[in-house]
Amino acid sequence: MKLCIAGKNDIAVNALCYLVNTLNCNKNNLFVILNRNDSGIDTWQKSLKKCAKELGIKILSLEDAYDIEDLYFISLEFDRIIRTSRFKTDKLFNIHFSNLPSYKGMYTSVMPLLNGEKNGGVTLHKIDDGIDTGEIIKQKFFDIDINDTARDLYFKYLNNAFELFKENIEQLLKNNISYEKQSAVNSTYYSKTALDFNNINIDLNKTSFEIHNQIRAFIFKEYQLPEINGFKIEKSVLTNEFIGRNKFEVINQTIKLSGIDGYAIFLSIAR
């Protein structure tokens, strides 16, 4: 049996380290496939390339993996679409950052916040030739706090996905798993064109809840911060304090504003 981790960031690195250091997997049977932007340097996230080299794990191309028989392929934020027919194995799995069947595809740290979701999840599923449409094996759910940002949500995904991996990897490798077809109900999908991060416009002619959701959905300091009247925002807090409709006031490093229903939002201005 051969096992390949394909992907990036803390989730892929932590999974590889768990296989080596906790499950004591034979390194000769482990491989990694890197995302195309992995520089081999740790930044705000760990590098799978760096980790693999330190552990002595062989790095393969995706094409190399096609011809490996008896392969278990696990995608953990991998950046390419998998064509199952190219593999000599059907043991192809992914952990997707959403509670499938909701939020297939892209922007899983943004869209649930824009939509005001209270709950999130991560899903271990079989890879088929669709986009996050494969049969579900296991899921792990968590609460989304009303003031969570996109960055906060992403780290909840990372932590819960690693727990999901640890809880299921041994049974997965023993083929002691069952599958459940995804429901058509609540099935949603967002493509790469669903959002334009170069043209983020916050619509202030909305309720305070809607404004707050727009702002926090784009707060991810390593990528972007939303702007309100020229101010970059690093935190948004929604309250039940009524201050009157459509207010806007700047006090030191804080903006106090409200939507059409008058509830106060406190925004922290980035320094």
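Which residues in H6 are buried? They are Ser208, Ile211, His212, Asn213, Gln214, Ile215 and Arg216, where buried means under 20% relative accessible area, exposed over 50% and partly exposed in between (1.4 Å probe, protein chains only). This is a predicted model, in which local features need pLDDT of at least 70, side-chain atom pairs count only at pLDDT 80 or more, and totals for chains, interfaces and linings use all residues. Residues are numbered from 1 along each chain as its sequence is written, and side-chain values use heavy atoms, with hydrogens and water left out.

Helix H6 covers residues 208–216, and because seven of its nine residues are buried, the helix is largely enclosed by the rest of the structure. Helices (H or I, at least four residues) and strands (E, at least two) are DSSP runs, numbered from the N terminus. The cover over the buried residues of H6 includes helices H4 (111–114) and H5 (150–173), together with strands S10 (227–228), S11 (231–242), S13 (254–258) and S14 (263–269).

The salt bridges come to twelve, each defined as a side-chain nitrogen of Lys or Arg within 4 Å of a carboxyl oxygen of Asp or Glu.

| Salt bridge | Distance, N to O |
|---|---|
| Asp42 and Lys50 | 3.3 Å |
| Asp90 and Lys91 | 3.3 Å |
| Glu227 and Lys232 | 3.1 Å |

Asp42 is partly exposed at 36% relative accessibility, as is Lys50 at 28%. Asp90 is partly exposed at 48%, and Lys91 at 24%. Glu227 is partly exposed at 42%, and Lys232 at 40%. Elsewhere, salt bridges with shared partners join Arg36, Asp79 and Arg80 into one network.

Notes
Contact = heavy atoms within 4.5 Å.
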